[in-house]
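I opened the notebook to record what I looked up in this structure, entry by entry. The entries follow the order in which I went through the model.

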Amino acid sequence: MTLEIVKPGLATTVQDLGRPGYFHLGIPEGGAMDRLALRAANMLVGNEDGAACLEAVFMGPEVKFGADMTVAVTGAELPVLLDGMPRNTWSSISVKAGQVLSFGFLKEGARIYIAVSGGIDTPPALGSRSTYAIGALGGFEGRPVAAGDVIPLGRGAGMPEGRIVPDALRRRPAKPAALRVLPGLYWHRLTEKSQAAFFEDDWTVAPEADRMGYRFRGGQAMEFVDRDQPFGAGSDPSNIVDGCYSYGSIQVPGGLEPIVLHRDAVSGGGYFTLGAVISADMDLIGQLQPNTPVKFMRVDMDQALAARKARKETIEQIRQALS
Amino acid sequence: MKTRYTYGGDEHVYVEIDDEMSLDAFFIALSLSKLVREANIPGVTEICPANASFEVRFDPDVIAPDEMMARIRELEGAAKAQEKRLDTRIIEIPVFYEDPWTHETLMRFRERHQDPSGTDLDYAARINGYDDAAAFIEAHHSQPWFVSMVGFVSGLPFLYQLVERQKQLEVPKYLRPRTDTPKLTVGYGGCFSCIYSVRGAGGYQMFGITPMPIFDPEQKISYLKDFMVFFRPGDIVKWKPIDRAEYDAITAQVEAGSYVPKIAEVAFDLDAFNKDMTGFNAKLMEALNDA
């Protein structure tokens, strides 16, 4: 069982739910940027939630199937074509050996997930098939896929055509997109004025937005509480003695442009972080296109935990809808 | 020292032992992170020790964030009482200072630098009061370094120099981080030196490059066959300046699978080091020379 990459798209990689456990060595958890979409794609084709899929960003690949199987495309919205004929996103699609899946232009969102019954069966590295391209680890030879690659697949029973995730359970970014933030970490380094401005300002996603992090621009430069910089931090007020970064934490080098650290983020460094995007909103970031307007919304821990619970419930609702 | 506890979102507790760097803070961070690991607290998924801080990642569906923080706090006293001693190793790492590859990169990102008119080394030498880059390079490699954190990217070591505070070199990070850094660049930011294990983004000043790989996901390099990451916290490093000819020779040996890093087993005792740094370092380097 294989599938062949006819055209690779922009940066199509193999991703699953990631490889926790190596962050203390600088190897990030990685995995799908939008985990809800990855789980839904796997549920649609009858896989375990965490089976490996293809993640494509901004532009779909073109793939040819080496056997009969079930396929599903979730995440961003774009026309899905099987041998040129339109098919639905968020739905199970039966394909025959030799058929070709291709895509039209992106309409909404940023990342699509292509699941096949049986899942992608590249060799796991440190317990995961996720591609960590910077470390040349996991996925297909540690890199994004290229034209001509033949990707090994596992065996799966497949699923009937036309199983569908109800529209209400597909999460889309609001306009402007709202990202909930729990202040903490080095929040106290900012002046009260800058703390307030961070949540009041209108931000947009900068072109530098990838699996490592999403950069935002458009807000005011941040001001720091006066202090003598502690020994070892470096002289800029945005510098700290290098520490670990949290997933979702927001660093602001030079106080200029916030960067939300994402799945392939560096594990630590010497820029201050003002807090973190809550776990429930991490998937949403992966669906933001450059230039998308964004508001950061302040929440407390109780609100963060409630949002986390709601997200888990959504996943269970998708499971029930497909059972 | 003032320990500060805070949250990183809903999945992390961040513990800053001190906001400034010292080996005392490092040892407490390391001891406390070890005690958290040994406590086997349900819900903990990752424990990451850093230079003067550490972080615990947990699943808030298993343990409430305030309970997680309380469990760590309970262990703080015991961590502070632990012996500040490590059985470790000293490793000689060759460095080609002022190499052509980091020079090309630093010129490409000059507009992100504090001083666009010079090089990173010229700038670092000047702000640390050295006459020229050569004198600064001498200060960088003449005394050993201590690996106080592993992270950033795949197995990258952060190194802290084993000298009195007034002799420690300090430089700021780039004003805006670069999007590119050559693989195996020897960098500097704050009071830390580092080796970039892979090519990628970076904010540290760039001083040179080593021919010795420190991360190999394929585990083909002879000394990385057991594990893909070379460094661990507590390792001690002695830089050895090399020229282009030596750089090329070592690169060829690495490719041929015949390169063997120079390593000696040593003990590091913080009290003994603090009492007589020059004497302690001389013994460390003696052990390396005998290796």
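**Backbone entries**

I began with A:Pro176, which lies in the loop between β11 (150–152) and β12 (177–183) of chain A; helices (H or I, at least four residues) and strands (E, at least two) are DSSP runs, numbered from the N terminus. The bond that joins A:Lys175 and A:Pro176 is a cis peptide bond, with omega at about -5 degrees.

I note that this is a predicted model, in which local features need pLDDT of at least 70 and side-chain atom pairs count only at pLDDT 80 or more, while totals for chains, interfaces and linings use all residues. Residues are numbered from 1 along each chain as its sequence is written, chains are lettered from A and ligands numbered from 1 in the order in which they are written, and side-chain values use heavy atoms, with hydrogens and water left out.

I then looked up A:Asp83, found in the loop between β6 (80–82) and β7 (85–87) of chain A. Phi of A:Asp83 is near 50 degrees, a positive value in a residue other than glycine.

**Salt bridges**

One of the pairs I looked up is A:Glu257 with A:Arg217, at 3.5 Å from N to O. This pair links distant parts of the chain, since A:Glu257 sits in the loop between β16 (249–251) and β17 (259–261) of chain A and A:Arg217 in strand β14 (residues 213–217) of chain A, 40 residues apart.

**Chain A against chain B**

How many residues does each chain bring to the contact? Taking contact as heavy atoms within 4.5 Å, I find 55 residues from chain A and 62 residues from chain B. The area buried between the two chains is about 4,500 Å², and carbon and sulfur atoms give 59% of it; buried area here is the accessible area (1.4 Å probe) that two parts lose on being put together, summed over both. A:Phe231, A:Asp242 and A:Cys244 supply 17% of the area that chain A buries against chain B, more than any other three residues.

Across this interface the rule finds 8 salt bridges. I looked up the one between B:Asp19 and A:Arg227, where the closest N and O atoms are 3.8 Å apart.

On the side of chain A that touches chain B, the elements giving two or more residues are β15 (239–244), β18 (268–271) and α4 (301–322) of chain A. The largest share, 6 residues, comes from β15(A).

**Cavities**

On a 1 Å grid over the protein atoms alone, I took a cavity as a set of points where a 1.4 Å probe fits but cannot get out, with lining residues having an atom within 4 Å of a point. Grid points are joined across faces, edges and corners, and a volume is the space filled by probe spheres set on the points. The structure holds 7 cavities of 30 Å³ or more.

The largest cavity has about 170 Å³ of space. It is lined by 16 residues, of which A:Asp34, A:Gly75, A:Arg171, A:Arg172 and A:Gln287 are the closest to its centre. β5(A) gives the largest share of this lining, with 3 residues.

The second largest cavity has about 50 Å³ of space. Its lining draws on both chains, including A:Tyr186, A:Asp242, B:Tyr14 and B:Asp19. The elements that give two or more residues to this lining are β15 of chain A and β2 (12–16) of chain B, and β15(A) gives the most, with 3 residues.

Methods. Salt bridge = Lys/Arg side-chain N within 4 Å of Asp/Glu carboxyl O. 1 Å grid on protein atoms, 1.4 Å probe; cavity = no way out; pocket = protein on both sides within 12 Å on 5 of 7 lines; lining within 4 Å.
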